[in-house]
Amino acid sequence: MTNNKSKLHSKILLSPPHMSGHEQKFIEDAFEQNWISPLGPNVDSFENDIELYLNQNRHVAVLNSGTAAIHLALKMIGVKANDEVLCQTKTFVASVNPVKYLGATPVLIDSEKETWNICPKLLEEAIVDRMSKGKKPKAIIAVSLYGMPYNATQIETISKKYDIPVIEDCAEAFGSDLNGKKCGTFGDFSILSFNGNKIITTSGGGALISKSKGFKNKAIFLASQAKEPGEHYLHQTIGYNYRMSNIIAGIGRGQIKVLDEYVSLRRRNFKYYQQSLNHIKGITFLKEPNGYRSNRWLTCMLLDNETTRNNVMEWLNNHDIESRPSWKPMHLQPVYKNTPAYLNGVSSELHRRGLCLPSGSNLSEKDLQRIVNIIKSYFGET
Ligand SMILES: *Cc1c(COP(=O)(O)O)cnc(C)c1O
C-alpha cells in the first residue's frame with residue numbers, strides 16, 4: 001500500500017508524509033517478533049542505516065523527537081541553569097525551547113543573507129560581548145533552515161577559536177551537503193527530526209548524532225530513564241523517556257531507503273518554481289552558494305513586501321493550496337521577548353516577505369503546474 005496522496009484532503013499540502021511502500025514489512029516483522037517496545041532490531045538497524053548514510057564515523061541514537069535530541073545534546077555538553085546558549089533566531093521554536101528546559105538563557109543571533117542561517121560575523125560579536133559581560137556561552141545552536149546548510153566552515157572556526165561546542169540542528173536538512181560532506185556531520189552533536197512534515201518521516205521521531213560511541217551510549221542511557229545496568233532499578237541520575245520505539249524505527253528503515261530519491265524530487269520542485277516564476281518582478285529565491293547542496297525541504301519564495309506575501313498566501317488558500325509564511329524569528333515571539341538578541345534585520349525581513357510553497361516529494365507535475373498557474377494569475381499572467 002502506497003499512500004502517496006493524502007486521502008483526507010483535496011487540498012495541496014505544504015509537506016505531507018510520503019510513504020515508499022518499504023515501511024510496512026519492517027513493521028510487520030516487529031509485530032511478528034513481538035518487538036513492540038523502545039528497543040529491538042529495527043531500532044538498532046535504523047541507527048546503523050543513518051550511520052552508514054552519513055559515512056563519517058558518526059554514532060547515532062534514535063529518539064522520539066528532534067526536540068528530545070537537542071535537549072540531550074545540551075545536557076551532555078553540560079548546560080545548566082543560568083548558563084547562556086547562542087541560538088539562531090530564525091528557526092522553528094523547537095531549536096530553542098530545550099535551552100529553557102534546562103533553565104538556561106538563549107542568546108539569539110540573526111541570519112546572514114547568503115544562507116538565511118546564523119550570521120558568523122554577528123555570532124562572533126555576540127561571543128565577544130557576552131564574554132566581556134562576564135559570561136562565556138556554553139554552546140552554539142546552528143540551524144540549516146529549509147535544507148540549506150549553515151556556513152559550517154566559518155562556524156567551526158569560531159567554535160574552535162573560542163572553544164564553544166556546536167549543536168547542528170539539521171532537522172530540515174537530512175540529505176543536504178556542504179562541499180560534499182553530509183549535513184549531520186558538522187556539529188559536535190547533530191540532530192535530525194522525523195516529524196510528519198520532514199523530508200523523511202516516522203510520524204514522529206528524531207536522532208542524536210555524536211562523534212563517539214561513548215556519547216551514543218550516554219544518550220541512550222539518558223533517554224531510557226537513566227536506569228543503571230542490572231535488575232535493581234538503580235538510578236543515580238535524572239533521566240528521560242526519549243527512546244524511539246521499534247515500530248517507529250521500522251518506518252524509518254523504509255524511509256531512509258528513499259531519502260536520496262526524495263532529495264531529488266524536492267530539488268525538482270524548487271527548480272520548477274524557480275524556472276516558472278523567477279521572471280516575475282518582485283519574486284526571488286535563495287540561490288545555493290558555491291559548494292552548498294540543499295535538499296530543498298521547503299521552497300520558500302520572497303515577495304516584494306508583507307502585503308503581497310499575505311495576498312498571495314490568501315489567493316493560494318482560496319484555490320485549495322496550502323502555503324505558509326517563513327518562520328517567525330524567535331526574537332519576535334512573545335515567549336522570547338525578553339531574551340538577549342544580536343540583530344541585523346535579515347531574519348525579520350525574511351519573515352515578512354517569505355512564503356513557503358507546497359514542497360512534498362509526492363507532488364505531481366500536474367500539482368506543480370496548477371500551483372504555478374495560480375501564482376501567475378495573481379500577478380496578472382495567464
Ligand atoms: C522539526 C524541527 C525540530 C524539531 O523536531 P521534532 O522532531 O518535531 O521535535 C527542530 N528544529 C527544526 C529547525 C525543525 O524544523
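Colleague: Is K198 buried or exposed?
Modeller: The relative accessibility of K198 is 9%, and buried means under 20% relative accessible area, exposed over 50% and partly exposed in between (1.4 Å probe, protein chains only). This is a predicted model, in which local features need pLDDT of at least 70 and side-chain atom pairs count only at pLDDT 80 or more, whereas totals for chains, interfaces and linings use all residues. Residues are numbered from 1 along each chain as its sequence is written, and side-chain values use heavy atoms, with hydrogens and water left out. Because its relative accessibility is 9%, K198 counts as buried.

Colleague: Where in the chain is K198 placed?
Modeller: Helices (H or I, at least four residues) and strands (E, at least two) are DSSP runs, numbered from the N terminus. K198 belongs to the loop between β8 (189-193) and β9 (206-210).

Colleague: Which modified residue does the UniProt annotation assign to K198?
Modeller: The unreviewed UniProt entry also has an "active site" annotation that covers K198. UniProt positions are given in the numbering used here, feature names are shortened, and annotations may be inferred rather than shown by experiment. With that caution, the modified residue that the unreviewed entry records at K198 is "N6-(pyridoxal phosphate)lysine".

Colleague: Which residues come nearest to the ligand?
Modeller: A residue is near a molecule if one of its heavy atoms lies within 4 Å of it. There are 15 residues around the ligand, and those that come nearest are T67, D169, E172, S193 and K198.

Colleague: How much of the ligand does the protein bury?
Modeller: Polar contacts, pairs of N or O atoms within 3.5 Å (within protein, one must be able to donate a hydrogen and the other to accept it, and residues adjacent in sequence count only if both atoms are side-chain atoms), provide a starting point. A polar side-chain atom of D169 is 2.7 Å from a ligand nitrogen, and an N or O atom in the side chain of S95 is 3.4 Å from a nitrogen atom of the ligand. The side chain of S193 has an N or O atom 2.7 Å from an oxygen atom of the ligand. Taken alone the ligand exposes 380 Å², an accessible area from the Shrake-Rupley method with a 1.4 Å probe, and the share buried by the protein is 95%.

Colleague: How many disulfides does the structure hold?
Modeller: A disulfide is a covalent bond between the sulfur atoms of two cysteines, and the criterion here is a pair of cysteine sulfur atoms within 2.5 Å. A search of the whole structure finds none; for C87, the nearest cysteine sulfur is that of C119, 15 Å away. C87 is buried because its relative accessible area is 1%, and C119 counts as buried because its relative accessibility is 12%.

Colleague: Which residue's backbone nitrogen does the side chain of S294 reach?
Modeller: S294 lies in the loop between β11 (292-293) and β12 (299-302), and S294 is buried because its relative accessible area is 1%. At 2.8 Å, the side chain of S294 reaches the backbone nitrogen of R296.

Colleague: With which side chain does the side chain of T115 make a polar contact?
Modeller: T115 is found in the loop between β3 (105-109) and α5 (120-132). Contact means heavy atoms within 4.5 Å, and, leaving aside neighbours within four places in sequence, T115 is in contact with residues including M148 and Y292. The polar contact of the T115 side chain, at 2.5 Å, is with the side chain of E112.
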